[in-house]
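Try each task before you read its solution.

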Amino acid sequence: MTALSASQSPTHWWQSRVVKRFLSHRLALLGLLMIGLLTLACVVGPYLLPYDSLFIDLRARFAAPFTGDHYLGTDPLGRDLAVRLLMAGRISLLVGFFAMVLSILVGMLVGVVGGYRGGWVNTVLMRTVDGFLSFPTIFLLLALAAALQPSPVMITVIIAVTSWMEVARIVEAEVRSLKEREFVLAGRMLGLSGAHIMFREILPNVMGPIIVAATLTVARAILLEAYISFLGFGIQPPLPSWGNMLNGAQQYLDSAPWLAIIPGVAITIAVSSFNFIGDGLRDAFDVRNDSF
Amino acid sequence: MTAKIQTVDKPDVALSVRGLTVKLPKGMERAHAVENISFDLHRGQILCVIGESGSGKSVTANTIMGILPKAIDITGGSIQLEGREIVGMGPEALRSLRGRVVSMIFQDPLSALNPLMTVGAQIDEAMQAHGVGTSTSRRERGIELLTEVGLPDPELMYHQYPFRLSGGQRQRVMIAMALALEPTILIADEPTTALDVTTQAQILELIREIQRRKGMSVLFITHDFGVVAEIADEVVVMEKGHVVEQGSASAVLTEPTHPYTQRLIAAVPHLTGVDRVALQTENTDPILKVEGLVKTYHSGSRIFGTHRVVPAVRNVSLELAPGQTLGVVGESGSGKSSLGRLLVKLMDADGGKILFDGTDIAPLHEAKFRPLRQKVQMIFQDPFASLNPRMTIGRILTVGPVAHGMAVAKARDEARALLDHVGLDSRAFDRYPHEFSGGQRQRIGIARALMFKPKLLIADEAVSALDVSIQAQILQLLDRIQRETGVSMIFITHDLRVASQICDRIAVMQKGQVVEQGPPSQIFLDPQSAYTRELVAAIPGEQPASSGPVAVDF
């Protein structure tokens, strides 16, 4: 008798709504654009520039930017700064990205299982989170980096180890409230397994906060990598990273300030761009204020 | 503050709305929340505005109170409160009218009260905001008001926080607050919808009594024709932002002229007191037999001495014959929903037996019970929360059978067929839940429960969140499905009128126990327990003793 009548909205209106809200966030768009450009430059740039990042040109040491053949000048060994900056960008962005992926995976797993299972499982997992959070992050980072062989992979793992807890907490809180919803009960009524309910019914509903946390985690990871590399425990020369470029630049701050300024600007752009994107996504996903 | 002389108004009109049009923001399903509506509230009368969800009745009330959200604008018409035009009035002037001339009580007394302030402080605040009285006189007045709305021990109540009060008591506090400044007009927006039927009857009685005593004019918003019959002098019927009919309560209720009103009134479930013609099945062994079922909730911590024990289900025994429907009725906190969840094993029982088709499923572990899950399915209460918002209807329907090993293609075909069967277009398959109305979603919920061809369906307040006209359709659908498939049903509801429509037998629950069981004719016409009698008597708009000729048979 009642056939389904009109649906006033396109199939994915919540999606398009999210996209629309994100697009109306100017800073987030700027951030997205900057990250896009930065990534593109790091991927393609080194092939277009005429120098190798390890090529030493002792006659052109300390060349200032925009003088001679080197666009951004050279470092104390006469290596081209532009190509080193882009190669360092590859490392720093990759470390940031994969540290994020790792911490999201771990945080998500811990959060979903802890939130859904509740009881002693939740207690054990969440107290572990508390335990990790109670270590001073930087100290832990430095201790681990000093104890272990600092390769890019190891640095990535170390950063992930110190930054998954936040994600775990966010996800756990969301899952705990979602699991009381009737659609989760319906899943149990249908006889779906616990894993199915956790990862295929509940998880898609937590993706919003997770994506926001992910962008903010990338920013944090890039900063952490720069931090430990600057202190000399991170990515080891001759492999360039934005952090160890700063490390090498500190003794020439007076004579060749561009050595510090250029990687510094790159870090600032990358980190603030990711933060802008994160802010934009957070606003875009915040459907709770929206009539649903 | 001299009122202008109004030529259009008769002096006995307390509130007059003329040609009121309120615009909705762009992108909503219609352009106007209400369009060109007019009605008068006469002094000392109760005017009921009735309509289904989305009819614009609450927007009307909020417009009169001047508390519309910013995105919604009044685009035309006039509202006169005691002869004063309030459309276009400044916020300060409006504020001084609110509380003193017109006051409002809301649907949900819990969220309308500030949880961090005592009852007394909130009443005091209402008076203080208008600069009335001294702190001592306000306190006296507060206690006086609490006495007036029939709260026990008003002195003590004055210092209580809202969370310590029951729903009915909170609504009484709200009424006391609304009365604090002796307004001449009271607007009540669904004030009894969130309450149990016996509490609802008390609150309606209270509003009626206060209105008579004080000679107030009351604008009463409701969706329930039972409530209208109980309380209204005049009725305004609204549909999609328009007034379709108005007149005296007796005229509208007995001789509705507009087809929409006729349809609404026809859809109102009435106590039938006539037993349903039971479905005949060859096998009459009970499909479900519950014996001495017990569930107790524990909360707090034993160590910290905050341990609380709440018995939810106490020694419940039931029997359900195949192809029949057993209604479980009771007020909130009676344990009826806990019982439902125990039967589907969404919770484990603490004691007792649940014999399903001869097997005791109560002690079974999840893994052992999983194959049987397909035979026992549930329809949930909230059509908005019970469907995963991130999944298409197709996924929602097929995920269960596929997890139990059905081929995907077969599951899809069956899902499409079922969608058609429950009255939905099979194109719904690829859509998301938010694209459907409450009634349509409930049909999807029913289709999901039917995917396994279950032997037992448990409907937990399955129609409580729906408008009456939709409610009637869903009840018809459930009835049709039962007659076609022979499925047995347990129908959990707080609404006795609904239960009387669809059930072969009814069990009345109170405080975790079944106090009475029997066919509808017994429950409604010849109730054996005092509690059942109280419940039946509290149903709004019904006089069960004299209703229907069947009463003579008993």
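Two residues are in contact if their C-beta atoms, placed from the backbone, lie within 7 Å. This is a predicted model, in which local features need pLDDT of at least 70 and side-chain atom pairs count only at pLDDT 80 or more, while totals for chains, interfaces and linings use all residues. Residues are numbered from 1 along each chain as its sequence is written, and chains are lettered from A and ligands numbered from 1 in the order in which they are written.

**Exercise 1.** Describe the contacts and overall dimensions of chain B.

Solution. Start with contacts between residues at least 6 apart in sequence: in chain B, 70% of them join residues at least 24 apart. Next, take the box along the principal axes: the C-alpha atoms of chain B fill roughly 80 × 55 × 55 Å. Finally, 48% of the 554 residues of chain B count as buried (20 or more other C-beta atoms within 10 Å of the residue's own, all placed from the backbone).

**Exercise 2.** Find the strand order of the open six-stranded sheet in chain B.

Solution. Strands here are DSSP runs of E with at least two residues, helices runs of H or I with at least four, both numbered from the N terminus; two strands pair if DSSP finds at least two bridges between them. The order is β6-β7-β8-β3-β9-β10 in chain B, with mixed pairing. At the edges, β6 (102–105) and β10 (242–248) of chain B each pair on one side only.

**Exercise 3.** In which sense do β3 and β8 of chain B pair?

Solution. Strands β3 (46–50) and β8 (217–222) of chain B are parallel, joined over five bridges. Within β8(B), B:Phe220 is the bridge partner of B:Cys48.

Definitions and conventions:
A residue is buried if 20 or more other C-beta atoms lie within 10 Å of its own, exposed if 12 or fewer, and partly exposed in between; C-beta atoms are placed from the backbone.
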